[in-house]
Amino acid sequence: MNMRNYVRFEFPSLAENVSFARSCVGAFAAQMDCTLEEIEEIKLVVSEAVSNSIIHGYENQPYGKIVVMATLLDERIMEIIIEDQGVGIADINKAMEPSFSSNPDRMGLGFTFMKSFMDELEVESEPGAGTRIKLKRCFLVKDKEALA
Ligand SMILES: Nc1ncnc2c1ncn2[C@@H]1O[C@H](COP(=O)(O)OP(=O)(O)OP(=O)(O)O)[C@@H](O)[C@H]1O
Ligand SMILES: [Mg+2]
């Protein structure tokens, strides 16, 4: 794989680890040539995906394993993978519909945010085996004059 740098870490399904994971990937993303706003967007999608693993994948039970891997494929492209070994998703297309939630108290917008802030979103999941979310974001070259 074409790769410049990566970070990979795992942690248990405890609510306090959502902010840990989002800050960690945000700090890693800061080495790219991107804006603070773009870093905030990366942090938001990481917290959505990690929250989903905790709330849905592990049904709020502690000590389920969550793995996060963030890779800089080159100076402009970042890939983020979030994996759990939780209950999995039976109908992925349904789960990704805006406003769909299996929990009546939730908004059902996590996947919608992931889709809108990232350029690619892939969901692999199997009931009983777990869920793997792959997100990719390409940062534009801002200083176009530098290319002229
Ligand atoms: N890691 C996961 N494991 C199992 N089910 C998941 C996982 N991630 C998402 N889902 C399923 O997909 C549905 C949609 O997820 P999404 O993040 O869009 O909405 P939500 O989590 O229900 O609500 P919100 O994100 O707005 O709080 C969830 O309600 C859940 O049924
Ligand atoms: Mg969600």
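A residue counts as buried under 20% relative accessible area, as exposed over 50%, and as partly exposed in between. The structure on display is a predicted model.

Select C24 to begin. Because its relative accessibility is 23%, C24 falls in the partly exposed class. C24 takes part in no disulfide, and the nearest cysteine sulfur, that of C34, lies 15 Å away. Across the whole structure, the search returns zero disulfides.

**The sheet.** Now display the strands. Five of them form an open sheet in the order β1-β2-β3-β5-β4, with antiparallel pairing. β1 and β4 are the edge strands; each has a single partner, so one side of each lacks a neighbour in the sheet. From one strand to the next, the twist averages 10°. Focus on β4 and β5, which pair in the antiparallel sense over seven bridges. There, E122 stands opposite K134 of β5.

**The helices across the sheet.** Select α1, which lies across β1, β2 and β3 and runs at about 175° to β1. Then select α2, which lies across β1, β2, β3 and β5, at about 15° to β3.

**The core.** Finally, select V25, V50, M78, I80, F111 and L135: in the largest nonpolar core, of 35 residues, these touch the most other members. The largest contribution to this core, seven residues, comes from α2. Centre the view on V50; leaving aside residues up to four places away in sequence, V50 touches F11, V18, A21, I66, V68 and I82.

Conventions
Residues are numbered from 1 along each chain as its sequence is written. Chains are lettered from A and ligands numbered from 1 in the order in which they are written. This is a predicted model: local features need pLDDT of at least 70, side-chain atom pairs count only at pLDDT 80 or more; totals for chains, interfaces and linings use all residues. Side-chain values use heavy atoms; hydrogens and water are left out. A disulfide is a pair of cysteine sulfur atoms within 2.5 Å. Buried means under 20% relative accessible area, exposed over 50%, partly exposed in between (1.4 Å probe, protein chains only). A nonpolar core is a set of buried Ala, Val, Leu, Ile, Met, Phe, Trp, Tyr and Cys residues joined through side-chain atoms within 4.5 Å. Helices (H or I, at least four residues) and strands (E, at least two) are DSSP runs, numbered from the N terminus. Contact means heavy atoms within 4.5 Å. Two strands pair if DSSP finds at least two bridges between them. Axes are lines fitted to C-alpha atoms, for helices over the stretch in contact, and angles run from 0 to 180 degrees between N-to-C directions.
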